[in-house]
Amino acid sequence: MDNGGLCALLDPMQPAPFLQIQDIVKDFDGHRAVDHVSIDIAKGEVFALLGSSGCGKTTLLRMLAGFETPTSGTITLDGHDLAGLPPYERPLNMMFQSYALFPHLTVWDNIAFGLRRARMPADEMRQRVEAMLKLVQLTAFAKRKPHQLSGGQQQRVALARSLAKKPQLLLLDEPLGALDKKLREETQIELAHIIEDVGVTCVMVTHDQEEAMTMASRIAVMSEGRLLQVGAPGEIYETPANRFVADFIGNVNLMDGRLVEDEPGHVVVECADCRHYIGHGITGTLGMPVTVALRPEKIRVGRAAPVTVEGVPDAAFNRARGTVSEMSYFGSFTVYHLALPSGAVLKVSQSNTERERGGQLTWGDEAWASWSTLSPVVLTS
Amino acid sequence: MTKPSLRGRLRRGRAAVIAIPTLWLLVFFMLPFLVVMKISVSEMDGATFQDLVRLQDGSIAFNLKFANYLLLVQDDLYFSTYLSSLKYAAVTTVACLFIGYPFAYFMARARPTVQPALLMLVMLPFWTSFLLRVYAWKGLLTENGWAANAIDALGLDHVLAAVGLIPAPGQLMNTPFSLVLGMTYTYLPFMILPLYSNLSKMDLRLLEAAADLGATAWVAFWTVTVPLSRAGIIAGSMLVFIPCVGEYVIPELLGGPQTQMIGRTLWDEFFSNNDWPMACAVTVAMVLLIIVPLAVFSRYQAESTERRP
C-alpha cells in the first residue's frame, strides 16, 4: 500500500489534511451517537472505522455522506466545508451496506445512474461504464438485473457504481458484511486491489477487525460514540491504548495488578498468579492499579518449568503454573486454557509446527507458561 | 403394490387444491358466460329462444344468428358507447392515479404508528352504502349545493367548461364532470390500497443511494420510486379501469345524455327493449373488451412474481 499519504500527514510542512473531521458531535433525541470525534485523513489513505454495532461508526459515515447533519463540529474535504451540501452535491460516493442496487435497472444502468445525473455525454458515459465493468470483471453481466447475480457479483456492481463518478472520497459501509466467510476472504483482497489501483481515498466502516486490519492503512477504534485509538493495524494490535481496544482487537489475557517497580527501561507489575517484568516504561505512580495485556500467541507453554526466560532477572518473573482445563484444536494452532492457582484462566495459543509432537499437553496436565519481557503491555485505563 | 412416489402425491395434492377455484370459476363464471354466449346468437321465439341445433328432415341445421354482432359493429350507437365507456374509464383511472399516488405515497412514508389509522380512513367510506354516497353527490353538485357553490366561488366551472367537461359554467350535474367525479370518488380506494402496499415495501436506502449518486429528491422520485412502484400502478389502474368500463349505477345517477356508457346500454337492452340476444351480444363484447387488458395484467403479474428473488 502506498504510504505517501501517511507521510504527508505526518509532515508538518504539508497543508491541511485531505479529509478533516473536527470535533463532531451527533445527538439523536438526547442520545449521543457520536461524541467529539476528530480525525484527519490523508489523500490516498484507506481508513477504517472499527467498532461493534451502535458505536457511532455508521452515524459518522452517514454524516460524511450527508444523510445526517452533525449537531456540532465541521467536516472539510480538500479544504471545502461540507456543511450545508446535500448528499447529491457532495464529491463523494458511498457503497452501501448490502449494496442498495436499483432492482429495476440492469448492471449497466446501475453503474450509469450517477453519470446520467451528472449529464455526462453518451459516448463518454459508455466508455466509463465499460471501463468500470472491466475493472470489476463483470463485462459479461452488463445486461443482467441485480437479482440475477450472486452476492459477490452484486458487491462488485456496487463498487463499480460508487467508483464510476471518480469520487474524491469513497465511503464503504460494511463492504463485505453480506458475504459468507470464504467469499469474504477472496473479495477482501480483490477489493483492496481495486481501491489501490484506483487510488481513491477511502473511509470504511466495519465491525470485523480482520477486514479492517487487512484493508486499512489506519484504523480508528470506536466505542459508545468516542474514538478510543487511531493508528496503523500493527500499532493497535501490539500497543493498545486501553483495556477496551486490547480486548476488542484479537484475543488477549487481561490481568489486573499493581505497579510495584517503575524504572525508565522497565516496570514490574504484581498480579495474583505471577509477577510481570515488562520491558517498557509507563507514566504512573507506584502502587497504582494497572492491567497487563498479554496476547495468547506470545506465551510459550510446556510441561517443565522454563529454565530461563529472556530478559528476565530471575525465575520469579514472567511465568505461571496451571492446569490445562480446556483445549481447542484449530488445525494450524491449538488454544489451551490454563487454570491458574487464583482461579483465573490464561489463554495460550501454540502453533502446531510439526505433525506429530510427542508429549503434547492434554486435559488435566500440569503446565508452565512463560513469556518474554517484550510480550506484555501495561494498560493504565 | 407400490406406494405412490412423493412427487406423484404432490402432484395429486396440487391438483386437488387447484380444483376448488377451478370448479368455482367453471360453475359461476364459465357456465353462465356460455349461456350468455348462447343467447347472444339465438333467435327470439316469442318469450323463448330457438334451439341452436335442430334435426330437420334428417339433416342437422345450425341456427346461429350473428346479426346482433353485426349490428354492434355497424351501428354507431354501440360503437360510440363502447368508446365513451373506455374513455370515461380511462379518464377516471388517470384521475385516481393522480390523486391516489401522492395519497398512497404519504401514507407509506408516514410514521409507522399512524399508518393503520390512515389505512382505516381510506376504507372508512366502505362502511356506508355505496348507493347513498353516490346519491349524496347529486345534492352536492346541484345548483346551490355545497360543492357547486365552492366550484363556482373558485371560478373552476369556467375551467371545466373550457376543457369540455361541462357544457356551460354553472351546470355541473349530469355532465362528464359529475360522472368522472363520482367514479373517481368511488374507486379511489382501489387505487390507493395496492399503491400503498407497494410503496410501503420499498427499500428507502435506494433513495439514499440515488441521492448519493447525484439525484435530487425529485429526480430520485421519477427514476427510482415510480419505476419500482410499476406493479402497484398497474394493479391499481386495473382495479379502477375494469369495473369503471361496465359501471352502471354511477352513470345512471350522475351521468347525463352526453355520457352514454355500456352499462346503461345493457340495462336498456335487457329491461326496456327486452332484446335479450342483443343485450347478451353487448355483454360478450364488453367481456372481451375487458379480458384483453386483464390478460396483459395477469401476464405481467406472473412475470414479476417469477422475477422476484
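## Salt bridges and cavities in a predicted model

A:Asp35 is buried, at 16% relative accessible area (buried is under 20%, exposed over 50% and partly exposed in between, with a 1.4 Å probe and protein chains only). This is a predicted model, in which local features need pLDDT of at least 70, side-chain atom pairs count only at pLDDT 80 or more, and totals for chains, interfaces and linings use all residues. Residues are numbered from 1 along each chain as its sequence is written, chains are lettered from A and ligands numbered from 1 in the order in which they are written, and side-chain values use heavy atoms, with hydrogens and water left out.

Let's begin with the charged pairs. Over all chains, the structure holds 20 salt bridges, each being a side-chain nitrogen of Lys or Arg within 4 Å of a carboxyl oxygen of Asp or Glu. Three of them are set out here.

| A:Asp27 | A:Arg32 | 2.8 Å |

Which strands does the pair A:Asp35 and A:Arg226 link? A:Asp35 sits in strand β2 (residues 31-41) and A:Arg226 in strand β10 (residues 226-231) of chain A, so these are distant parts of the chain, 191 residues apart (strands are DSSP runs of E, at least two residues, numbered from the N terminus). A:Arg226 itself is partly exposed, at 42% relative accessibility.

Shared partners in salt bridges join A:Asp27, A:Arg32, A:Asp35 and A:Arg226 into one network.

A search of the whole structure finds two cavities of 30 Å³ or more. A cavity is a set of points on a 1 Å grid over the protein atoms alone where a 1.4 Å probe fits but cannot get out, and lining residues have an atom within 4 Å of a point. Volume is the space filled by probe spheres set on the points, which are joined across faces, edges and corners.

The largest cavity holds about 60 Å³ of space. Its lining includes A:Tyr237, A:Glu238, A:Arg295, A:Lys298 and A:Ser375. By class, the lining has five nonpolar, one polar and three charged residues (Ala, Val, Leu, Ile, Met, Phe, Trp, Tyr, Cys and Pro count as nonpolar, Asp, Glu, Lys and Arg as charged, and the others, Gly among them, as polar). Domain 1 (7-243) and domain 2 (253-379) of chain A each supply at least three residues to that lining, with bounds from an automatic or database domain assignment.

Notes: Helix = DSSP H or I, 4+ residues; strand = E, 2+ residues; numbered from the N terminus. 1 Å grid on protein atoms, 1.4 Å probe; cavity = no way out; pocket = protein on both sides within 12 Å on 5 of 7 lines; lining within 4 Å.
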